[in-house]
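Subject: Structure handover

Hello,

Here is the structure I said I would pass on. My notes on what was found in it follow below.

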Amino acid sequence: MMAKVKTNIGNDFCPQALFLYGTKQEDGQPHFGLFCWFGYFDSPEGLGVMACIGEEKQTKDLIRKNGVFSANLVSEELLPLADYYGCTYGRNVSDKMKRLPKVEWGEVLDVPTISDSPVSFELEVKKTIPMGGGSDIFLCLIRNVTKDERLLDTSVPFAERLLQAAPVLASGEETYSSVDGRYLGKWGEPMKSLPDAKE
Ligand SMILES: Cc1cc2nc3c(=O)[nH]c(=O)nc-3n(C[C@H](O)[C@H](O)[C@H](O)COP(=O)(O)O)c2cc1C
């Protein structure tokens with residue numbers, strides 16, 4: 001029989017899909033950061049997203065300033081770049097955006113989205129809940145969704161299309177995994193395979 005034991009407070013084994021949040025910088029260029037504290041809520045105005053951003057960072061500066069951002073699902077193909085965006089602190093690294101994915105702009109909101117991401121949300125912030133210690137929860141309405149058109153072919157079983165989308169999960173212990181359970185590296189490792197990585 002399974003025995004359950006008291007353990008540290010944390011969310012290991014509770015997989016979260018990873019997203020790249022896209023914001024527009026003051027110079028009009030796109031900015032991206034990597035995030036996993038992301039959930040959904042229902043509201044009379046439609047489906048909403050709750051996004052928690054911890055300490056102060058450039059993505060948060062830009063979300064506060066613009067009131068809009070995009071959330072782009074990270075696929076396995078995007079992981080090396082996403083890992084770089086997650087391990088590089090934009091406020092300190094002025095040329096963080098020297099590496100860019102193929103960028104499009106939102107259909108409804110003025111936000112950069114990632115062409116190769118299987119699912120992109122355009123988000124408008126409706127409420128900000130400060131949790132103290134620099135942590136904030138942004139409650140947003142989804143104003144638009146764009147998807148890889150192959151994911152819309154319902155003659156293909158959903159589970160197959162999910163494997164096609166290949167979202168990357170943060171499932172615990174600072175590691176990445178695939179939806180079919182493959183280990184995709186520790187945080188900070190996938191970026192080493194970028195073509196212009198030094199190491
Ligand atoms: C796998 C992973 C998940 C992350 N999830 C979050 C998150 O949900 N909330 C958060 O505030 N930071 C998160 N981060 C940290 C940010 O990506 C990091 O602070 C990054 O510097 C943000 O980009 P920016 O500094 O350009 O805004 C995560 C990092 C990694 C590697």
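Strand E3 (30-35) gives the most to the shell around the ligand, with three residues. Strands here (E, at least two residues) and helices (H or I, at least four) are DSSP runs, numbered from the N terminus. This is a predicted model, in which local features need pLDDT of at least 70 and side-chain atom pairs count only at pLDDT 80 or more, while totals for chains, interfaces and linings use all residues. Residue numbers start from 1 along each chain as its sequence is written.

Ligand shell

The shell holds 21 residues, and Gly33, Trp37, Thr59, Gly86 and Gly90 come nearest to the ligand. Besides E3, the elements that give two or more residues are strand E5 (48-53), helix H1 (58-66) and helix H2 (79-87). By type, the shell has eleven nonpolar, seven polar and three charged residues. Here Ala, Val, Leu, Ile, Met, Phe, Trp, Tyr, Cys and Pro count as nonpolar, Asp, Glu, Lys and Arg as charged, and the others, Gly among them, as polar.

Core

The largest nonpolar core has 31 residues. Such a core is a set of buried Ala, Val, Leu, Ile, Met, Phe, Trp, Tyr and Cys residues joined through C-beta atoms within 7 Å. Buried means 20 or more other C-beta atoms within 10 Å of the residue's own, exposed 12 or fewer, and partly exposed in between, with C-beta atoms placed from the backbone. Leu18, Phe19, Leu20, Tyr21, Val74, Ala82 and Leu123 have the most contacts inside the core. Leaving out residues up to four places away in sequence, Val74 touches Leu18, Phe19, Leu20, Leu79, Ala82, Pro167 and Val168; contact means C-beta atoms within 7 Å, again placed from the backbone.

Sheet

Four strands form an open antiparallel sheet in the order E1-E11-E12-E13. E1 and E13 (183-186) are at the edges with a single partner strand each, so one side of each has no neighbour in the sheet. E1 and E11 are joined by two bridges, and DSSP must find at least two for strands to pair. Ala17 stands opposite Leu169 in E11.

Positive phi

Most residues other than glycine have a negative phi. Phe13, in the segment before E1 (16-17), has a positive phi of about 75°. Glu174, in the loop between E11 (168-172) and E12 (175-178), has a phi near 55°. Phe13 counts as exposed because it has 8 C-beta neighbours inside 10 Å; Glu174, with 9, is also exposed.

Regards

Notes. Contact = placed C-beta atoms within 7 Å. Near = placed C-beta within 6 Å.
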